[in-house]
Amino acid sequence: MKKPYYLFLLLSVFTLWGASAYKPAEGGYQVGDTATDFKLKNVNGQLVSLRDQKEAKGFIVTFTCNTCPYAKLYEDRLIQLHQKYASKGYPVIAINPNDVTASPEDSYAHMQKRASDKKFPFVYLYDETQEIAKRYGATRTPHIYLLTRSGQDLKVAYIGAIDDNSGDPEKVQKRYVETALDHLLTGKAVPQTSTKAIGCTIKWRNNS
């Protein structure tokens with residue numbers, strides 16, 4: 001077998017692994033909805049809320065984790081997105097929603113190590129209760145929710161994938177998040193507001 005097949009097989013396994021009793025409600029955010037604020041613990045121990053970042057024009061909210069191969073493949077691209085757009089008013093807000101019982105390497109301590117090892121320039125928050133992931137309707141890691149300010153509100157402008165090639169950044173043809181941000185920054189409508197998020201299923205806490 002060729003190496004690309006092994007990678008495809010591994011990614012397929014992680015995509016299907018870990019579904020549990022909770023199924024995200026249909027009431028998750030849709031494009032155009034107003035996103036409410038939250039307060040979650042960053043890897044540096046401080047609590048972070050969107051409201052505190054008053055100068056931001058919006059946020060690249062990213063549900064991700066330490067363990068999923070897809071999430072790992074996109075880490076460098078998230079760093080690049082933050083480096084390119086944070087100074088323009090759109091920082092990355094990374095959130096790990098995985099249940100530590102189902103995925104021990106997604107613990108807070110492992111998050112701290114991952115953030116340190118990768119030198120994340122963005123906040124990496126722990127959604128320990130999974131309340132925020134459920135509120136947003138996130139199902140995968142990674143899963144992007146691009147928020148933009150409209151008056152005092154934060155509106156959902158895009159939901160889905162970062163780009164169209166998880167396996168090879170050199171072969172990306174459609175950069176969904178970048179295209180959306182470039183349009184927002186020039187006052188134009190986002191041309192494609194949603195795509196299918198490709199990644200591992202979120203490891204939901206089994207409350208049964």
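Reader: Which residues of H5 are buried?
Author: This is a predicted model. In it, the buried residues of H5 are Tyr176, Val177, Ala180 and Leu181.

Reader: Why are they on the same side of H5?
Author: They cover an arc of only 125° around the axis, so they fall on the same side of H5.

Reader: And what covers the buried residues of H5?
Author: The cover includes strand S3 (58-63), H2, S7 and S8.

Reader: Take Val177. What is it in contact with, leaving aside neighbours within four places in sequence?
Author: Val177 is in contact with Ile60, Leu81, Ile144, Tyr158, Ala161 and Ile162.

Reader: Now the largest nonpolar core. Which residues touch the most other members?
Author: Ile60, Leu81, Tyr158 and Val177 do. That core has 28 residues.

Reader: Where does the largest share come from?
Author: From H2, with five residues.

Reader: What lies apart from this core?
Author: Another core, of 25 residues. Among them are Val48, Leu125, Leu154 and Ile202.

Reader: Back to the helices. How do the axes of H2 and H5 cross?
Author: They cross at roughly 10° and come within 12 Å.

Reader: Roughly parallel or roughly antiparallel?
Author: H2 is roughly parallel to H5, because angles under 35 degrees count that way.

Reader: Which residues make the contact?
Author: H2 brings Leu81, Lys84 and Tyr85. H5 brings Val177, Glu178, Leu181, Asp182 and Leu185.

Reader: How many of those are nonpolar, polar or charged?
Author: Five are nonpolar and three are charged.

Reader: What happens just after H5?
Author: Gly187 takes a positive phi there, about 75°.

Reader: Zooming out. How many helices and strands are in the protein?
Author: Five helices and nine strands.

Reader: What pattern do they follow along the sequence?
Author: The protein reads α-β-β-β-α-β-α-β-α-β-β-β-α-β.

Reader: What share of the residues is buried?
Author: Buried residues are 48% of the 208 in the protein.

Reader: Last one. Of contacts between residues at least 6 apart in sequence, what share joins residues at least 24 apart?
Author: In this protein, 77% of those contacts do.

Terms used. Residues are numbered from 1 along each chain as its sequence is written. This is a predicted model: local features need pLDDT of at least 70, side-chain atom pairs count only at pLDDT 80 or more; totals for chains, interfaces and linings use all residues. Side-chain values use heavy atoms; hydrogens and water are left out. A nonpolar core is a set of buried Ala, Val, Leu, Ile, Met, Phe, Trp, Tyr and Cys residues joined through side-chain atoms within 4.5 Å. Buried means under 20% relative accessible area, exposed over 50%, partly exposed in between (1.4 Å probe, protein chains only). Helices (H or I, at least four residues) and strands (E, at least two) are DSSP runs, numbered from the N terminus. Contact means heavy atoms within 4.5 Å. The arc is that of the directions from the helix axis to the C-beta atoms. Axes are lines fitted to C-alpha atoms, for helices over the stretch in contact, and angles run from 0 to 180 degrees between N-to-C directions. Angles under 35 degrees count as roughly parallel, over 145 as roughly antiparallel, 65 to 115 as roughly perpendicular and the rest as oblique. Ala, Val, Leu, Ile, Met, Phe, Trp, Tyr, Cys and Pro count as nonpolar, Asp, Glu, Lys and Arg as charged, and the others, Gly among them, as polar.
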